[in-house]
Amino acid sequence: MSVDVTKRVVEAGSDEHVDAAWELKERIRREDAVLKQRHGFFANAYRRATVHLLFAGVHGSEHDSEADDLIGFAAVRRDGYVLFLAVDPAHRGEGFGRKLMATVADEHDSVTCHARATNEVAIDFYEHIGFEIKRHIENYYEDGGAAYYLKLGGGGLTDRLSEFMRR
(Lines give C-alpha, C1' and ligand atoms only; values in the text may rest on other atoms or scores of the structure.)
Protein backbone atom coordinates (compact mmCIF):
# COMPACT_ATOMS: atom_id res chain seq x y z
CA MET A 1 0.00 0.00 0.00
CA SER A 2 1.31 3.47 -0.84
CA VAL A 3 0.17 7.05 -0.47
CA ASP A 4 0.25 9.05 -3.67
CA VAL A 5 0.07 12.83 -3.62
CA THR A 6 -1.42 14.42 -6.69
CA LYS A 7 -1.73 18.06 -7.60
CA ARG A 8 -4.79 19.58 -9.21
CA VAL A 9 -5.40 23.14 -10.34
CA VAL A 10 -8.77 24.86 -10.31
CA GLU A 11 -8.83 27.92 -12.53
CA ALA A 12 -10.51 31.16 -11.49
CA GLY A 13 -14.25 31.11 -12.02
CA SER A 14 -14.73 27.53 -10.81
CA ASP A 15 -15.85 26.24 -7.45
CA GLU A 16 -14.61 22.69 -8.04
CA HIS A 17 -13.38 21.27 -4.70
CA VAL A 18 -14.55 24.38 -2.80
CA ASP A 19 -16.40 22.20 -0.27
CA ALA A 20 -13.31 20.09 0.45
CA ALA A 21 -11.21 23.27 0.81
CA TRP A 22 -13.82 24.78 3.14
CA GLU A 23 -13.83 21.63 5.29
CA LEU A 24 -10.02 21.67 5.55
CA LYS A 25 -10.02 25.40 6.37
CA GLU A 26 -12.65 24.87 9.07
CA ARG A 27 -10.70 21.97 10.61
CA ILE A 28 -7.64 24.25 10.81
CA ARG A 29 -9.77 27.06 12.27
CA ARG A 30 -11.03 24.77 15.02
CA GLU A 31 -7.56 23.39 15.84
CA ASP A 32 -5.38 26.48 15.38
CA ALA A 33 -7.83 29.41 15.77
CA VAL A 34 -6.77 30.87 12.41
CA LEU A 35 -8.45 31.09 8.97
CA LYS A 36 -11.59 32.54 10.54
CA GLN A 37 -13.29 33.72 7.34
CA ARG A 38 -17.02 33.22 6.88
CA HIS A 39 -18.25 30.81 4.22
CA GLY A 40 -19.51 33.46 1.76
CA PHE A 41 -16.23 35.39 1.86
CA PHE A 42 -14.20 32.21 1.51
CA ALA A 43 -16.25 30.84 -1.40
CA ASN A 44 -16.13 34.15 -3.30
CA ALA A 45 -12.37 34.46 -2.84
CA TYR A 46 -11.89 30.82 -3.88
CA ARG A 47 -13.86 31.36 -7.10
CA ARG A 48 -11.83 34.47 -7.98
CA ALA A 49 -8.50 32.69 -7.49
CA THR A 50 -6.44 30.03 -9.13
CA VAL A 51 -6.33 27.26 -6.56
CA HIS A 52 -3.51 24.72 -6.34
CA LEU A 53 -4.66 21.63 -4.45
CA LEU A 54 -2.79 18.61 -3.12
CA PHE A 55 -4.65 15.34 -2.64
CA ALA A 56 -3.43 12.15 -0.97
CA GLY A 57 -4.85 8.81 -2.00
CA VAL A 58 -4.11 5.33 -0.73
CA HIS A 59 -3.41 2.86 -3.50
CA GLY A 60 -2.23 -0.73 -3.35
CA SER A 61 -2.86 -4.33 -4.25
CA GLU A 62 -5.42 -4.91 -1.49
CA HIS A 63 -7.32 -1.71 -2.26
CA ASP A 64 -8.43 -0.66 -5.71
CA SER A 65 -8.28 2.95 -4.64
CA GLU A 66 -9.58 4.86 -1.68
CA ALA A 67 -11.01 8.33 -2.12
CA ASP A 68 -8.43 11.09 -2.33
CA ASP A 69 -8.29 13.46 0.64
CA LEU A 70 -7.42 17.14 0.31
CA ILE A 71 -4.25 17.73 2.34
CA GLY A 72 -3.42 21.27 1.27
CA PHE A 73 -4.22 24.16 -1.01
CA ALA A 74 -3.11 27.64 -2.01
CA ALA A 75 -5.62 30.10 -3.47
CA VAL A 76 -3.84 32.84 -5.41
CA ARG A 77 -5.00 35.97 -7.20
CA ARG A 78 -3.54 36.64 -10.62
CA ASP A 79 -1.24 39.33 -9.13
CA GLY A 80 0.48 36.71 -6.93
CA TYR A 81 -1.32 37.57 -3.70
CA VAL A 82 -1.94 34.40 -1.68
CA LEU A 83 -5.48 34.55 -0.32
CA PHE A 84 -5.29 31.24 1.51
CA LEU A 85 -2.58 28.71 2.25
CA ALA A 86 -3.70 25.67 4.21
CA VAL A 87 -2.04 22.35 4.99
CA ASP A 88 -3.77 19.63 6.98
CA PRO A 89 -2.18 19.54 10.46
CA ALA A 90 -1.61 15.80 10.05
CA HIS A 91 0.63 16.52 7.05
CA ARG A 92 2.57 19.56 8.26
CA GLY A 93 6.33 19.29 8.20
CA GLU A 94 6.25 17.11 5.07
CA GLY A 95 7.08 19.92 2.63
CA PHE A 96 3.60 20.43 1.18
CA GLY A 97 3.41 24.13 2.11
CA ARG A 98 6.80 24.72 0.49
CA LYS A 99 5.71 22.87 -2.65
CA LEU A 100 2.55 24.93 -2.93
CA MET A 101 4.45 28.19 -2.46
CA ALA A 102 7.14 27.11 -4.96
CA THR A 103 4.38 26.58 -7.53
CA VAL A 104 3.01 30.06 -6.82
CA ALA A 105 6.49 31.59 -7.11
CA ASP A 106 7.04 29.80 -10.43
CA GLU A 107 3.92 31.46 -11.83
CA HIS A 108 4.27 35.02 -10.47
CA ASP A 109 6.88 37.75 -10.49
CA SER A 110 5.79 38.90 -7.03
CA VAL A 111 4.27 36.86 -4.22
CA THR A 112 2.62 38.51 -1.22
CA CYS A 113 0.23 37.58 1.59
CA HIS A 114 -1.06 38.56 5.01
CA ALA A 115 -0.62 36.46 8.13
CA ARG A 116 -2.29 36.92 11.49
CA ALA A 117 0.27 38.60 13.76
CA THR A 118 -0.36 36.02 16.48
CA ASN A 119 0.17 33.07 14.11
CA GLU A 120 3.82 32.45 14.90
CA VAL A 121 3.88 29.11 13.07
CA ALA A 122 2.76 30.74 9.80
CA ILE A 123 5.12 33.69 10.19
CA ASP A 124 8.06 31.38 10.92
CA PHE A 125 7.15 29.29 7.86
CA TYR A 126 6.94 32.30 5.56
CA GLU A 127 10.19 33.80 6.83
CA HIS A 128 11.93 30.41 6.56
CA ILE A 129 11.13 30.18 2.83
CA GLY A 130 12.23 33.76 2.14
CA PHE A 131 9.30 36.07 2.86
CA GLU A 132 9.99 39.38 4.59
CA ILE A 133 7.59 41.27 6.84
CA LYS A 134 6.88 44.57 5.14
CA ARG A 135 4.40 46.09 7.59
CA HIS A 136 2.21 45.51 10.62
CA ILE A 137 -1.49 46.34 10.24
CA GLU A 138 -3.73 46.80 13.28
CA ASN A 139 -7.39 45.71 13.05
CA TYR A 140 -6.83 43.93 9.73
CA TYR A 141 -9.17 41.04 10.42
CA GLU A 142 -12.91 41.24 11.00
CA ASP A 143 -12.42 40.22 14.64
CA GLY A 144 -9.98 43.12 15.17
CA GLY A 145 -6.86 40.97 14.92
CA ALA A 146 -3.63 42.44 13.59
CA ALA A 147 -1.77 41.13 10.55
CA TYR A 148 1.62 41.25 8.93
CA TYR A 149 1.92 41.96 5.22
CA LEU A 150 4.66 39.74 3.82
CA LYS A 151 6.46 39.66 0.49
CA LEU A 152 8.72 37.03 -0.94
CA GLY A 153 12.21 38.52 -0.93
CA GLY A 154 13.87 40.18 -3.88
CA GLY A 155 15.90 38.51 -6.56
CA GLY A 156 14.68 35.60 -8.61
CA LEU A 157 11.74 34.19 -6.71
CA THR A 158 11.80 30.93 -8.59
CA ASP A 159 15.55 30.55 -8.03
CA ARG A 160 15.22 31.31 -4.34
CA LEU A 161 12.43 28.79 -3.72
CA SER A 162 14.01 26.25 -6.07
CA GLU A 163 17.24 26.51 -4.06
CA PHE A 164 15.27 26.08 -0.85
CA MET A 165 13.50 23.00 -2.21
CA ARG A 166 16.85 21.37 -3.09
CA ARG A 167 17.99 21.51 0.58
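Are F42 and F73 buried or exposed? Both F42 and F73 are buried, where buried means under 20% relative accessible area and exposed over 50%, with partly exposed in between (1.4 Å probe, protein chains only).

This is a predicted model, in which local features need pLDDT of at least 70 and side-chain atom pairs count only at pLDDT 80 or more, while totals for chains, interfaces and linings use all residues. Residues are numbered from 1 along each chain as its sequence is written, and side-chain values use heavy atoms, with hydrogens and water left out.

**Overall build**

The protein has five helices and seven strands, taken as DSSP runs (H or I of at least four residues for helices, E of at least two for strands) and numbered from the N terminus. Their order from the N terminus is β-α-α-β-β-β-α-β-α-β-β-α. The protein has 167 residues, of which 43% count as buried. Among its contacts (heavy atoms within 4.5 Å) with a separation of 6 or more, 61% are between residues 24 or more positions apart.

**Cores and helix 3**

A nonpolar core is a set of buried Ala, Val, Leu, Ile, Met, Phe, Trp, Tyr and Cys residues joined through side-chain atoms within 4.5 Å. The largest one has 23 residues, and V82, L85, M101, V111, Y126 and F131 have the most contacts inside it. Elements that each supply at least two residues of this core include strand 2 (50-59), strand 4 (81-87) and helix 4 (120-128). Helix 3 gives the largest share, five residues. A second, separate core has 21 residues, including L24, L35, A43 and L53.

Helix 3 covers residues 96-107, and the 12 residues should span 16 Å at 1.5 Å a residue; the end C-alpha atoms are 17 Å apart, which agrees. The expected span is 1.5 Å times one less than the number of residues. Among the buried residues of helix 3 are F96, L100, M101 and V104.

**Rings**

The structure holds seven aromatic pairs, meaning rings of Phe, Tyr and Trp (its six-membered ring) with centres within 6.5 Å; planes under 30 degrees apart count as stacked, over 60 as edge-to-face and the rest as tilted. The rings of F42 and F73 have centres 6.2 Å apart and planes at 80°, so this pair is edge-to-face. F42 lies in helix 2 (residues 39-48) and F73 in strand 3, so the pair ties together parts 31 residues apart in sequence. Ring pairs link W22, F42, Y46, F73 and F84 into a cluster.

Charges also sit over rings, which requires NZ of Lys or CZ of Arg within 6 Å of the ring centre and within 35 degrees of the ring normal.

| Charged residue | Ring | Distance from ring centre |
|---|---|---|
| R116 | Y141 | 4.2 Å |
| R135 | Y149 | 4.4 Å |
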